[in-house]
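The sequence and the structure are shown here.

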Amino acid sequence: MSLEEWKETVGNCATVSTIVQFLVGIQVCMGFYRNKTTGETSCMTFLVGVVMTFVWFNYGKLVDDSTLQTVNGTGLVLQTLYTFCFYNFTPLKIQTGKKIFLTLLIATLVQVYIHNEGDLETAQLRVGLLGASMSIAYCSAPLASIQHVFRTKSTESLPYYLILATVLVTGQWSMYGHIIHDSFVKIPNMIGFTAALFQLSLFYYFPSSSQYKATAII
């Protein structure tokens, strides 16, 4: 059986796994609700998630891939809801509001570009490159806490479940990208897989009794 015959199966598995990964954000938001504050948590993971899913949703439309459209359309809705939840509980509303405005501006500029770009292949190339960059940024977001991990010898600041989900999801999307011969899907997910695997290995070297906290710094 050729790899192409596995396209639908791998695509469906990757879609379900990615949506489940996006749902991990519910645990984080529940932590905000219980504590009535976002604490030291950064909003950047959610905001990068909004831009990333928006870009990939549009890339899916450009290349006519329903799998990319479905998973990223769902992710865009969820990441947007998480962002509003964060804003509701953060004590730094002015700073967060500015970041949200910048996120909306970026999304608007992307949409305007796609609408006005007359050459389909050029649009696919540029939007694909942007999507690949955003995917790497999203998967690597927890790396912002690495310095804190080495300083404290504790992985408490890392979101264990989110990182574990990232390992599984990026592995599946790497395979899907290989099957459909799309480097924009394959390469950034391979990089994300490597970055997430490194983060996951830190839980072995720096174990923490509270490593499964849902309110970890991300």
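Helix α7 is followed by H181, whose phi is positive, near 60°. Helices here are DSSP runs of H or I with at least four residues, strands are runs of E with at least two, and both are numbered from the N terminus. Helix α7 itself covers residues 160-179; at 1.5 Å a residue its 20 residues should span 28 Å, and its end C-alpha atoms are 29 Å apart, which agrees. The expected span is 1.5 Å times one less than the number of residues.

The model is predicted: local features need pLDDT of at least 70, side-chain atom pairs count only at pLDDT 80 or more, and totals for chains, interfaces and linings use all residues. Residues are numbered from 1 along each chain as its sequence is written, and side-chain values use heavy atoms, with hydrogens and water left out.

In the protein as a whole, the secondary structure comes to eight helices and zero strands. Of the 218 residues, 48% are buried, that is, under 20% relative accessible area with a 1.4 Å probe, protein chains only. Among contacts (heavy atoms within 4.5 Å) between residues at least 6 apart in sequence, 79% join residues at least 24 apart.

With a relative accessible area of 8%, N72 is buried. Its side chain reaches the backbone oxygen of L68 at 2.8 Å. Leaving aside neighbours within four places in sequence, N72 is in contact with T53, W56 and F57.

How values were computed:
Buried means under 20% relative accessible area, exposed over 50%, partly exposed in between (1.4 Å probe, protein chains only). A polar contact is a pair of N or O atoms within 3.5 Å; within protein, one must be able to donate a hydrogen and the other to accept it, and residues adjacent in sequence count only if both atoms are side-chain atoms.
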